[in-house]
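I opened this model to look up its pockets, cavities and sheets. My notes follow in the order I worked.

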Amino acid sequence: METKLLRIAELAKADPKMKFTSLAHLLNEQALDQCHLELPNKKATGVNGTTKEEYSENLKENIADLVNRLKSRSYRPVPVKRMYIPKLNSNKKRPLGIPEHEDKIVQKGITKILNTIYENDFLDCSFGFRPNLNCHDALKILNYYIEKKSVNYVVDVDIKGFFDNVDHQWMMEFLKLRIADPSLLRIIGRFLKGGYMEEGKKYKTDKGTPQGGVISPILANVYLHYVLDLWFENRVRKQCKGQAYMVRYADDFVCCFQSKSEAQQFFQSLKSRLKKFNLEIAEDKTKIIPFGRYAEKDAKQKGNKKPATFDFLGFTHYCGKSKQGNFRVKRKTSRKKIQSKLKETKEWLKNNRNQDIHMIMDRFKRSLTGYYNYYCITDNTPSVNKFRDKIGFILFKWLNRRSQRKSFTWDKFRLFLTKHPLPYARVKVNIYDLRKEVSYIL
């Protein structure tokens with residue numbers, strides 16, 4: 001399959017308007033067997049409760065049967081199992097879908113095919129769920145635009161329930177611009193309309209991407225490529241007299257403008273553009289703010305102490321200064337993310353405080369290491385160290401409750417931390433270090 005995918009990538013790059021007529025045959029036994037192996041172990045199971053380990057017991061027969069059903073067009077995805085997870089700092093819950101393992105295999109195979117074709121089409125402003133690109137790369141480019149380009153205004157946009165509101169008809173029309181294989185399109189269409197099970201009852205899905213499916217990110221990128229990226233590049237930027245830039249990570253994006261009037265005009269045009277494709281912006285989470293080297297001066301003229309800030313990819317971006325007194329964009333972990341992580345930590349300790357102390361500390365160290373790997377970027381170590389101190393206090397509080405007499409004093413806890421220290425924060429990502437994969441954009 002890899003050799004054939006390389007050939008498809010070459011053809012897709014050579015001819016941006018080429019339609020691929022024969023793709024479904026790539027979902028053969030060898031390819032799907034590899035997809036099965038690449039899926040993670042010990043994940044939550046779908047409606048039928050089949051685990052990866054159970055599917056592996058008769059792997060050859062299971063894969064052969066799956067391929068036969070794909071070829072005979074009798075394959076139909078099982079409705080995903082719907083569960084709910086708490087939303088950040090809210091009493092509301094977010095729906096989460098868990099597909100069957102076999103459906104994950106097929107989705108994985110289709111995802112490889114779609115990525116091969118569309119990686120040649122996607123624009124440089126798109127960073128989400130793409131090979132060799134990540135959140136830090138998006139932050140670096142955004143930082144470069146604001147600091148080095150003529151950016152004076154930022155439009156911080158939030159699309160209301162994007163993944164739940166993707167229009168199926170438009171989705172299929174977009175795919176047909178590159179794919180003319182009816183068999184592959186039929187399978188994707190069945191995933192879109194696969195539905196979900198909740199409390200033993202099946203519900204249809206007439207919009208949105210497959211919940212919890214590995215295929216959802218690439219479908220979302222395809223949808224927004226045509227709805228947003230191409231429109232911004234070919235229409236918005238060309239109509240602007242000043243400079244304009246966009247950085248998008250999945251459905252989360254920020255637009256930068258030199259002119260206030262052009263930022264406002266874009267904001268109004270965006271509403272109409274999204275409405276055409278049955279999407280809308282979340283008015284309460286979308287704003288236009290002065291941001292850049294002149295933002296502080298603008299804020300003082302309006303009687304404000306500081307310029308406005310905006311959140312993007314878990315960081316609050318604010319206007320700061322370098323040691324030389326020059327303008328700089330700085331970032332700190334957003335308050336919402338900190339509160340959510342602290343709440344999650346409290347709940348875990350509440351339920352596990354009587355476990356072996358070595359197990360608890362090992363879990364905390366691994367959790368903090370993962371947190372540091374993402375949030376320890378340039379300028380943010382003070383915020384991360386404050387978070388570490390709060391985690392330490394929560395740990396002290398709940399370990400103290402293990403004893404009815406609450407005899408675990410603060411001095412004893414500090415002595416305890418000398419034997420079981422929590423890792424300290426240090427910069428993991430230099431926001432000014434543009435990797436090869438990112439620097440070509442500039």
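I call a pocket an open set of grid points with protein on both sides within 12 Å along at least five of seven lines. The model is predicted.

**Second largest pocket**

I looked up its volume and got about 700 Å³. I listed the lining next: 32 residues. Lys 306, Thr 309, Thr 316, Tyr 318 and Lys 332 lie nearest the centre of this pocket. Which elements supply at least two lining residues each? I found α12 (295–301), β10, β11, α13 (335–352) and α15 (381–400). I then sorted the lining of this pocket by class: twelve charged, eleven polar and nine nonpolar residues.

**Sheet β9-β10-β11**

Two strands of that lining, β10 and β11, sent me to their sheet. I noted an open sheet of three strands in the order β9-β10-β11, with antiparallel pairing. Its edge strands are β9 (310–312) and β11 (327–333), and each of them pairs on one side only. Neighbouring strands here are turned by 45° against each other on average, direction ignored.

I followed β10 (residues 315–321) along β11 and recorded seven bridges in the antiparallel sense. Which residue of β11 is the bridge partner of His 317? I read off Arg 331.

Helix α6 (residues 135–148) lies across β9, β10 and β11. I noted that α6 runs at about 150° to β11.

**Sheet β2-β1-β4-β5**

I moved to an open sheet of four strands, in the order β2-β1-β4-β5. Its pairing is mixed. β2 and β5 (201–203) stand at the edges with a single partner strand each, so one side of each has no neighbour in the sheet.

Met 197 stands opposite Lys 202 in β5.

**Pro 99**

Pro 99 lies in the loop between β2 (93–98) and α5 (101–118). Is Pro 99 buried or exposed? I read 3% relative accessibility, so Pro 99 counts as buried, the cut-off being under 20%.

I listed its contacts, leaving aside neighbours within four places in sequence. Pro 99 touches Gly 46, Val 80, Lys 104, Gln 211, Gly 212 and Gly 213. I also took one distance: Pro 99 and Lys 271 are 33 Å apart, C-alpha to C-alpha, and 172 residues apart in sequence.

**Cavities**

How many cavities of 30 Å³ or more does a search of the whole structure find? I got two.

The largest cavity holds about 60 Å³ of space. I found its lining to be Lys 341, Thr 345, Arg 363, Phe 364, Ser 367, Leu 368, Tyr 371, Phe 387 and Ile 391. The largest share, five residues, comes from α14. By class I noted five nonpolar, two polar and two charged residues.

The second largest cavity holds about 50 Å³. I listed Leu 70, Arg 73, Tyr 75, Ser 183, Arg 186, Ile 187 and Arg 190 as its lining. Helix α9 (residues 182–192) gives the largest share of that lining, four residues. I divided this lining into three nonpolar, one polar and three charged residues.

Methods:
Residues numbered from 1 in each chain as written. Predicted model: local features only at pLDDT ≥ 70, side-chain atom pairs only at ≥ 80, totals over all residues. Heavy atoms only, no water. Pairing = 2+ DSSP bridges. Axes fitted to C-alpha atoms, helices over the stretch in contact; angles between N-to-C directions. Contact = heavy atoms within 4.5 Å. 1 Å grid on protein atoms, 1.4 Å probe; cavity = no way out; pocket = protein on both sides within 12 Å on 5 of 7 lines; lining within 4 Å. Points joined across faces, edges and corners; volume = space filled by probe spheres on them. Nonpolar A, V, L, I, M, F, W, Y, C, P; charged D, E, K, R; others polar. Buried < 20%, exposed > 50% of the residue type's maximum accessible area, 1.4 Å probe, protein only.
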